[in-house]
Amino acid sequence: TYVIAEPCVDVLDKACIDECPVDCIYEGDRMLYIHPDECVDCGACEPVCPVEAIYYEDDVPDDWANYTKANADFFDKLGSPGGASKVGKTSDDPQWIKDLPPQGE
Ligand code: F3S
Ligand code: F3S
């Protein structure tokens, strides 16, 4: 899977959404999250993110390793809906992400 990391927090550019052929990039309050089981590793989202927030799972910088878990934990409640557009925005961000200080200001 691919993983969205810290640079997305409070930016939520969403350019990535338009690229994903399987609609597996879901919106939370603070950032977006890639569904680890629905992502088909096409990699189309990675180059379009203007803040370079997206990484292949093996390439996530060590400082942001906990975002790999966050991209999975976001779906504890949602499960595998099979499409982000029909789900829309939810407030299922992991608590530690909710608690992050405002970013990028
Ligand atoms: Fe976030 Fe980059 Fe997508 S900022 S919403 S990962 S384009
Ligand atoms: Fe979609 Fe990016 Fe995965 S475009 S299929 S989330 S690599």
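The secondary structure of the protein chain amounts to three helices and four strands in this predicted model. Read from the N terminus, the elements follow the order β-α-β-β-β-α-α. The radius of gyration of the protein chain is 12 Å, close to the 13 Å given by the globule rule for 105 residues, so the chain is as compact as a globular protein of that length. Along the principal axes, the C-alpha atoms of the chain fill a box of roughly 30 × 30 × 20 Å. Among contacts between residues at least 6 apart in sequence, 72% join residues at least 24 apart.

Of the 105 residues of the protein chain, 30% count as buried. In soluble globular proteins, nonpolar side chains tend to be buried together. The largest nonpolar core of this model has 24 residues, of which Ile4, Ile25, Leu32 and Tyr33 touch the most other members. At least two residues of this core are supplied by each of β1, β2 (25-27), β3 and α2. The surroundings of one core residue, Leu32, can be listed. When residues up to four places away in sequence are not counted, Leu32 touches Ile4, Cys8, Leu12, Lys14, Cys16, Ile25, Tyr26 and Glu27. Two of these contacts, Ile4 and Ile25, are themselves among the core residues that touch the most other members.

Helix α2 comprises residues 66-73, and its buried residues are Tyr67, Ala70 and Asn71. These residues cover an arc of only 100° around the axis, which puts them on the same side of α2. An α-helix has 3.6 residues a turn, so residues three or four places apart point the same way. The buried residues of α2 are covered by elements including β1 (2-4), β3 (32-34) and α3 (95-98).

The model also contains ligands, and the residues around two of them were examined. Ligand 1 is surrounded by 13 residues, the closest being Cys8, Asp13, Cys16, Cys49 and Ala53. The shell around ligand 1 consists of 11 nonpolar and two charged residues, with no polar ones.

Notes: Residues are numbered from 1 along each chain as its sequence is written. Chains are lettered from A and ligands numbered from 1 in the order in which they are written. This is a predicted model: local features need pLDDT of at least 70, side-chain atom pairs count only at pLDDT 80 or more; totals for chains, interfaces and linings use all residues. A residue is buried if 20 or more other C-beta atoms lie within 10 Å of its own, exposed if 12 or fewer, and partly exposed in between; C-beta atoms are placed from the backbone. The arc is that of the directions from the helix axis to the C-beta atoms. Two residues are in contact if their C-beta atoms, placed from the backbone, lie within 7 Å. A residue is near a molecule or strand if its C-beta atom, placed from the backbone, lies within 6 Å of it. Ala, Val, Leu, Ile, Met, Phe, Trp, Tyr, Cys and Pro count as nonpolar, Asp, Glu, Lys and Arg as charged, and the others, Gly among them, as polar. A nonpolar core is a set of buried Ala, Val, Leu, Ile, Met, Phe, Trp, Tyr and Cys residues joined through C-beta atoms within 7 Å. The radius of gyration is taken over C-alpha atoms; the globule rule is 2.2 Å times the number of residues to the power 0.38.
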